[in-house]
Protein chains: 2
Amino acid sequence: MASTNEQIVHPDREQLELGAVLHALSDPVRLQIVAELARGEVECTCGSFALPVTKSTCTHHFKVLRDAGVIKQRQQGTTRLNTLRRADLDARFPGLLDTILHAARTSAGGHVEAAASLTAVAGTMGTSSVRAA
Amino acid sequence: MASTNEQIVHPDREQLELGAVLHALSDPVRLQIVAELARGEVECTCGSFALPVTKSTCTHHFKVLRDAGVIKQRQQGTTRLNTLRRADLDARFPGLLDTILHAARTSAGGHVEAAASLTAVAGTMGTSSVRAA
DNA sequence: CAGTTAGTTCGACTGTTGTCGTACAAGTAA
DNA sequence: TTACTTGTACGACAACAGTCGAACTAACTG
């Protein structure tokens with residue numbers, strides 16, 4: 001594993017809180033993560049994101065997203081694969097994710113090109129980091 | 001006026017930031033304010049909300065909503081009339097407000113009955129606080 | 001005029017957030 | 001085994017958020 005053998009905990013679908021989700025998505029770094037995650041429906045490692053923060057900060061943001069129920073993390077060797085909990089989010093808050101992602105894409109520009117960097121980085125990644133959905 | 005003659009500033013439609021809006025709506029008190037504001041399309045005074053906080057905290061929350069561009073405030077005698085900036089929000093972030101309000105209404109229950117209290121309080125209000133849309 | 005009403009402003013306080021660096025753990029590759 | 005890679009854990013820190021109470025301001029009401 002990446003670190004301790006502590007289990008990765010995710011909230012149940014029924015436990016998702018709107019406030020927590022909105023707060024999780026109100027940070028630009030986390031919104032960028034979710035946007036990249038939503039673009040390609042694949043499992044991405046934490047390191048595959050071109051984020052302007054250090055590793056530890058990155059870990060923190062992924063934990064916030066996970067605790068809010070926005071993403072799911074799965075251990076795979078030394079890496080941690082991330083996926084959007086799209087089904088759960090759509091079930092609890094219909095249309096919320098798509099609406100926010102669309103708003104993030106069209107407005108508040110400047111982070112729209114993030115997907116390109118993701119794709120570029122993904123090309124340099126190892127074997128098991130990305131797999132087709 | 002309620003206090004100083006300082007002008008009430010609102011951001012332009014183009015200046016609305018998604019992160020700020022999401023952050024503004026991630027607080028339960030503010031979400032309640034917006035939900036009540038959205039229910040009846042009228043101008044409500046700050047005091048017409050049955051909020052579980054003091055006046056000064058209330059002022060703070062209204063300022064956050066105003067700075068984020070979620071609401072518009074207009075001075076009217078000693079009171080301040082609040083309206084949702086629905087048109088601006090819909091223009092910048094299509095569907096976002098309705099989606100969040102719907103999510104707040106259906107899920108995360110417990111604040112759904114807020115509208116009833118608003119109606120009750122509105123009935124006790126003075127003359128110019130509520131007017132038909 | 002004095003009193004009431006509606007809301008702001010100003011500290012103050014506590015808790016949370018975003019950030020970092022260093023140290024560490026676990027798997028993978030040489 | 002020895003590195004290297006990937007990520008976590010742990011302080012630490014400054015900044016911010018939400019809360020309150022007290023003082024204040026301005027309009028309205030008697």
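**View 1. Burial and fold of chain A in the predicted model.** Of the 133 residues that make up chain A in this predicted model, 34% count as buried. The secondary structure of the chain comes to six helices and three strands, and these elements, read along the sequence of chain A, follow the pattern α-α-β-α-β-β-α-α-α. Among the contacts in chain A with a separation of 6 or more, 71% are accounted for by residues 24 or more positions apart.

**View 2. The packing of helix H1 against helix H3 in chain A.** Helix H1 of chain A, residues 18-25, and helix H3 of chain A, residues 55-68, have axes that come within 9 Å and cross at roughly 155°. Because angles over 145 degrees count as roughly antiparallel, H1(A) and H3(A) are described as roughly antiparallel to each other. The crossing of H1(A) and H3(A) is left-handed. On the side of H1(A), the residues at the meeting are A:Ala20, A:Val21 and A:Ala24, and on the side of H3(A) they are A:Val64, A:Leu65 and A:Ala68. Sorted by class, this contact of H1(A) with H3(A) has six nonpolar residues, with no polar and no charged ones.

**View 3. The surroundings of A:Arg66.** A:Arg66 has its place in helix H3 of chain A. With 20 C-beta neighbours inside 10 Å, A:Arg66 counts as buried, because the cut-off for a buried residue is 20 or more. When residues up to four places away in sequence are left out, A:Arg66 touches A:His10, A:Ile71 and A:Gln73. A:Ser48 lies 18 residues from A:Arg66 in sequence, and the C-alpha to C-alpha separation of the two in space is 17 Å.

**View 4. The relation between chains A and B.** Chain B is superposed on chain A by a rotation of 180° with 0.0 Å of shift along its axis, at an RMSD of 0.0 Å. That is the relation of a two-fold axis.

**View 5. The interface between chains A and B.** In this view, 20 residues of chain B are in contact with 20 residues of chain A. On the side of chain B that touches chain A, helix H1 (18-25), helix H2 (28-39) and helix H5 (96-106) of chain B each supply at least two residues. The residues of that side of chain B divide into 11 nonpolar, six polar and three charged. Of the interface residues of chain B, 100% are also interface residues in chain A, so the copies meet through the same surface.

Key. Residues are numbered from 1 along each chain as its sequence is written. Chains are lettered from A and ligands numbered from 1 in the order in which they are written. This is a predicted model: local features need pLDDT of at least 70, side-chain atom pairs count only at pLDDT 80 or more; totals for chains, interfaces and linings use all residues. Copies are superposed by least squares on the C-alpha atoms of residues with pLDDT of at least 70 in both. Two residues are in contact if their C-beta atoms, placed from the backbone, lie within 7 Å. Helices (H or I, at least four residues) and strands (E, at least two) are DSSP runs, numbered from the N terminus. Ala, Val, Leu, Ile, Met, Phe, Trp, Tyr, Cys and Pro count as nonpolar, Asp, Glu, Lys and Arg as charged, and the others, Gly among them, as polar. Axes are lines fitted to C-alpha atoms, for helices over the stretch in contact, and angles run from 0 to 180 degrees between N-to-C directions. Angles under 35 degrees count as roughly parallel, over 145 as roughly antiparallel, 65 to 115 as roughly perpendicular and the rest as oblique. A crossing is left-handed if the near helix is turned anticlockwise from the far one by less than a right angle, and right-handed if clockwise. A residue is buried if 20 or more other C-beta atoms lie within 10 Å of its own, exposed if 12 or fewer, and partly exposed in between; C-beta atoms are placed from the backbone.
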